[in-house]
Amino acid sequence: MEPTKENTLQLNEESVQRRTKLFNLYVLPHLNLVYKLCINYSYSQEDIADNYIEVLTNFYKYIDSYDSSRSIQTWLHIVTKRLIADLNIRRMNYLRSDDINVQEIKEAIPSENEEGANCMNIDNYVQYYNDDILRALNKIKPIYRESLLLQQAGYKLQEIVEISHQNGNLKTRNIETIKSRLFLAKQQMRKLVTRDGESRTD
């Protein structure tokens, strides 16, 4: 027996009611925590409000996946961090070429004093991005990819310098070289993937 339109509507309403109940129970009491996490992990201060809305929407959409036997704070932290990492790299890849200038390059690169999330790293980044973004990352030079991924993982510029130097990918500890690599990596990525994180066909 196929579901009727009335049954489908009822199921949808029940799903909304269930998600709303769970959201109010688990997420609503921790809005301050979620907002602080958005502040900590957002690439730009201008993105905080948008990221906050995206994160809350994501929580509501997937609240059924939360295992109540786990710490709610830990779950909120992990999910928020991962989503904002994805949002950061999407925005970073789509800087329009006709808007590029020195000031925007400086603003696009985080301050050396910003806190590092250090959740994603060179070894586990594949779990954070879709296949199209991963293919694009594999097409750019390894030294560019390394700097880009380290930045997206939340490392400070000086930390990226040290890591790249230790890995043998940076002869001298020159922060300007890392800034250039980051800029070139972003420039190449936006040529390879669209705003939706899909491979460009043209």
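Biologist: What share of the contacts between residues at least 6 apart in sequence joins residues at least 24 apart?
Modeller: Among the contacts in the chain between residues at least 6 apart in sequence, 68% join residues at least 24 apart, where a contact means heavy atoms within 4.5 Å. The model is predicted, with local features requiring pLDDT of at least 70 and side-chain atom pairs counting only at pLDDT 80 or more, while totals for chains, interfaces and linings use all residues. Residues are numbered from 1 along each chain as its sequence is written, and side-chain values use heavy atoms, with hydrogens and water left out.

Biologist: What are the extent of burial in the chain and the carbon and sulfur share of its accessible surface?
Modeller: Of the 202 residues in the chain, 39% are buried, a term that means under 20% relative accessible area, with exposed set at over 50% and partly exposed in between (1.4 Å probe, protein chains only). The accessible surface of the chain comes to about 12200 Å², and 48% of that belongs to carbon and sulfur atoms; the areas come from the Shrake-Rupley method with a 1.4 Å probe, and for residues only the protein chains shown count as cover.

Biologist: Why is the pair of Arg-18 and Asp-64 called a salt bridge?
Modeller: The term asks for a side-chain nitrogen of Lys or Arg within 4 Å of a carboxyl oxygen of Asp or Glu, and the side chains of Arg-18 and Asp-64 meet at 3.0 Å, N to O. Arg-18 lies in helix 1 (residues 5-27) and Asp-64 in the loop between helix 3 (48-61) and helix 4 (72-93), so this pair ties together parts that are 46 residues apart in sequence. The structure holds four salt bridges.

Biologist: What makes Glu-176 and Lys-179 a salt bridge?
Modeller: The N to O value for Glu-176 and Lys-179 is 3.5 Å, and because the two are three residues apart in helix 9, about one helical turn separates them. Glu-176 is partly exposed, with a relative accessible area of 45%, and Lys-179 is partly exposed at 26%.

Biologist: Why is helix 8 described by its particular orientation to helix 9?
Modeller: The axes of helix 8 (residues 157-166) and helix 9 (residues 175-192) come within 9 Å and cross at roughly 95°. That makes helix 8 roughly perpendicular to helix 9, since angles of 65 to 115 degrees take that name, while those under 35 count as roughly parallel, those over 145 as roughly antiparallel and the rest as oblique. Axes are lines fitted to C-alpha atoms, for helices over the stretch in contact, and angles run from 0 to 180 degrees between N-to-C directions. Helix 8 contributes Leu-157, Gln-158, Ile-160, Val-161 and Ser-164 to the contact, and helix 9 contributes Ile-175, Ile-178, Lys-179 and Leu-182.

Biologist: What is the orientation of helix 7 to helix 9, and what makes it so?
Modeller: Helix 7 and helix 9 pack at about 95° with axes 8 Å apart, which makes helix 7 roughly perpendicular to helix 9. The contact includes Tyr-144 and Leu-148 of helix 7 and Leu-182 and Met-189 of helix 9.

Biologist: Is Arg-145 buried or exposed, and how do you know?
Modeller: Arg-145, placed in helix 7 (residues 142-152), is buried, with a relative accessible area of 17%. Not counting residues up to four places away in sequence, Arg-145 touches Tyr-125, Leu-137, Asn-138 and Ile-140. The C-alpha atoms of Arg-145 and Lys-186, 41 residues apart along the chain, are separated by 9.5 Å.

How values were computed. Helix = DSSP H or I, 4+ residues; strand = E, 2+ residues; numbered from the N terminus.
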